[in-house]
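These are my notebook entries on a structure with its sequence at hand. I record what I looked up, entry by entry.

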Amino acid sequence: MIRDYYNRHALDEKLRGAPRPPSANHLAIGHRQAVAMALAMAGEEEAVEKLLSSTTEFAVRFSAPGEWLVVSENDTPEGLQRRLDALCSARVYIVDQSEARVLFRLSGPSTRRILAKGIGLDLHPTAFAVGTSANAFCGHIAVNLARTGEDAFELIAPRSFAESLFDDLMTMGREYDLTAAFAA
Amino acid sequence: MASLITCPHCGVRPKEEFAIRGDASLLRPAPTASDEAWHDYVYVRANPRGRTLEHWQHVGGCRRFLVVERDTFTHEVHSVTDGAAFARENGR
C-alpha cells in the first residue's frame, strides 16, 4: 500500500471525528505553518541572532547556542526558506522542518499545572518569561518549549513522537478537562 | 548525585536531561606516546572521593558538552562551563 505521508498530518488519526467544543484549557494542533532550523556558521552566531530577531514575520525559538527554530504562520516552507536566505545567506544553514515537526499550542488557566506533570523546568513568569524558549524533555520526549503568553505555551516535537506526546499531554490535562483540535 | 545542573545555555535543569561522558581532567597523549600511556588514558580511572571534573552532555537541551566540577561526597556542584570555553581557557 502506498501512503502519501506528505499530505497527511501526524495526528490525523488521533483527531478523527467531530471535535468537542474547546474548554478553558485547550490544546490546538498547528498545521499549515512553516518551521525551519537555522544553524549559524562558525563565528557568525551573534550576527545571525541579531538578524533573526530584527524581523517580526516569524517567531524565533532558541534551541542551542548558534541554533534556532524559526516558525512562520503565513509563509509556505519554500517561502520561509527564501525569506531566510534573503535575510542572512552565507551566514547560516537553513534546514526545512515543516513536515518533520508538529506544533502543539497549549492555552488556558491551568497550563502551568498541566506542564508541571511532564516538564522539569521552573515555569513561573519570573523564571520563564513570555517570549522565552528552550529545549526540554516532556516525559521522555525532547521538545522545544516556548512561552507565547502568560498562560500560553507552544511545544514543537518531532513528527514521529507526535502521537505519544499528544497522548501524554491529554493524560496530563485530563484532570483539567483539556480538549484538543486542529488550529483553525 | 547532584540533582540540579545549571547549564550555561539553558538554565537550571534536572540531571535526567544530561548524559555523563566521563572524566574531563585527562589529557590525550601524543599519538607516538607509549602503549602504557595510551592504556592509562583509555582504561585506567580513579574513583575519587571529593572534587571531580566530568564531561556532561546536555542531551535533553542544547546538546552541548559541559564540564561539570562536582563533589562526589557532598553532591555539591561547584561550576559548570561549556566544553569549548573550558578547552580554550585551559589551552587544549
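**Entry 1: Aromatic residues of chain B**

I began with Tyr41(B), which is partly exposed, with a relative accessible area of 22%. I note at once that the model is a predicted one. Next I looked up Trp38(B), which has a relative accessibility of 23% and therefore counts as partly exposed as well. The cut-off matters here, because a residue is called buried under 20%. Both Trp38(B) and Tyr41(B) belong to helix H1 of chain B, residues 35-43, where they are three residues apart, about one turn of the helix. I recalled a general point: an α-helix has 3.6 residues a turn, so residues three or four places apart point the same way.

I then searched the whole structure for aromatic pairs and found two over all chains. In one of them, the rings of Phe18(B) and Trp56(B) have centres 5.9 Å apart and planes at 65°, so I recorded the pair as edge-to-face. This pair links distant parts of the chain, 38 residues apart: Phe18(B) is in the loop between S2 and S3 of chain B, and Trp56(B) is in strand S4 of chain B, residues 51-57. Are these two residues buried or exposed? I found both Phe18(B) and Trp56(B) buried. The other pair is that of Trp38(B) and Tyr41(B): the ring centres are 5.6 Å apart and the planes stand at 90°, so this pair is edge-to-face too.

**Entry 2: A buried glutamate**

I turned to Glu17(B), located in the loop between strand S2 (11-14) and strand S3 (19-23) of chain B. Its relative accessible area is 2%, so Glu17(B) is buried. Which residues is Glu17(B) in contact with, leaving aside its neighbours within four places in sequence? From chain A I listed Leu121(A), Ala136(A) and Phe137(A). From chain B I listed Gln57(B), His58(B), Val59(B) and Gly60(B).

**Entry 3: Chain B as a whole**

I counted two helices and six strands in chain B. Their pattern along the sequence is β-β-β-α-β-β-β-α. The C-alpha trace of chain B spans about 40 × 25 × 20 Å along its principal axes. Of the 92 residues in chain B, 33% are buried. I also looked at contacts in chain B between residues at least 6 apart in sequence, and 45% of these join residues at least 24 apart.

Between S3(A) and strand S4 of chain A, residues 67-72, I found five bridges, and the two strands run antiparallel. Within this pairing, Ala59(A) stands opposite Val71(A) in S4(A).

**Entry 4: Strand S9 of chain A and its partners**

I examined strand S9 of chain A, residues 152-158, and found five of its seven residues buried. Strand S6 of chain A, residues 101-107, pairs with S9(A) in the antiparallel sense over seven bridges. Strand S8 of chain A, residues 141-149, is joined to S9(A) by five bridges and also runs antiparallel to S9(A). A hairpin connects S8(A) to S9(A) through two residues. Phe153(A) in S9(A) has Leu106(A) opposite, and Arg147(A) also stands opposite Phe153(A).

**Entry 5: Helix H4 of chain A**

I checked the length of helix H4 of chain A, residues 162-173. At 1.5 Å a residue, its 12 residues should span 16 Å, and the end C-alpha atoms are 16 Å apart, which agrees. The buried residues of H4(A) are Ala162(A), Leu165(A), Phe166(A), Leu169(A), Met172(A) and Gly173(A). They cover an arc of only 130° around the axis, so I placed them on the same side of H4(A).

Methods
Residues are numbered from 1 along each chain as its sequence is written. Chains are lettered from A and ligands numbered from 1 in the order in which they are written. This is a predicted model: local features need pLDDT of at least 70, side-chain atom pairs count only at pLDDT 80 or more; totals for chains, interfaces and linings use all residues. Side-chain values use heavy atoms; hydrogens and water are left out. Two strands pair if DSSP finds at least two bridges between them. Helices (H or I, at least four residues) and strands (E, at least two) are DSSP runs, numbered from the N terminus. Buried means under 20% relative accessible area, exposed over 50%, partly exposed in between (1.4 Å probe, protein chains only). The expected span of a helix is 1.5 Å times one less than its number of residues. The arc is that of the directions from the helix axis to the C-beta atoms. Contact means heavy atoms within 4.5 Å. Rings of Phe, Tyr and Trp (its six-membered ring) pair if their centres lie within 6.5 Å; planes under 30 degrees apart count as stacked, over 60 as edge-to-face and the rest as tilted.
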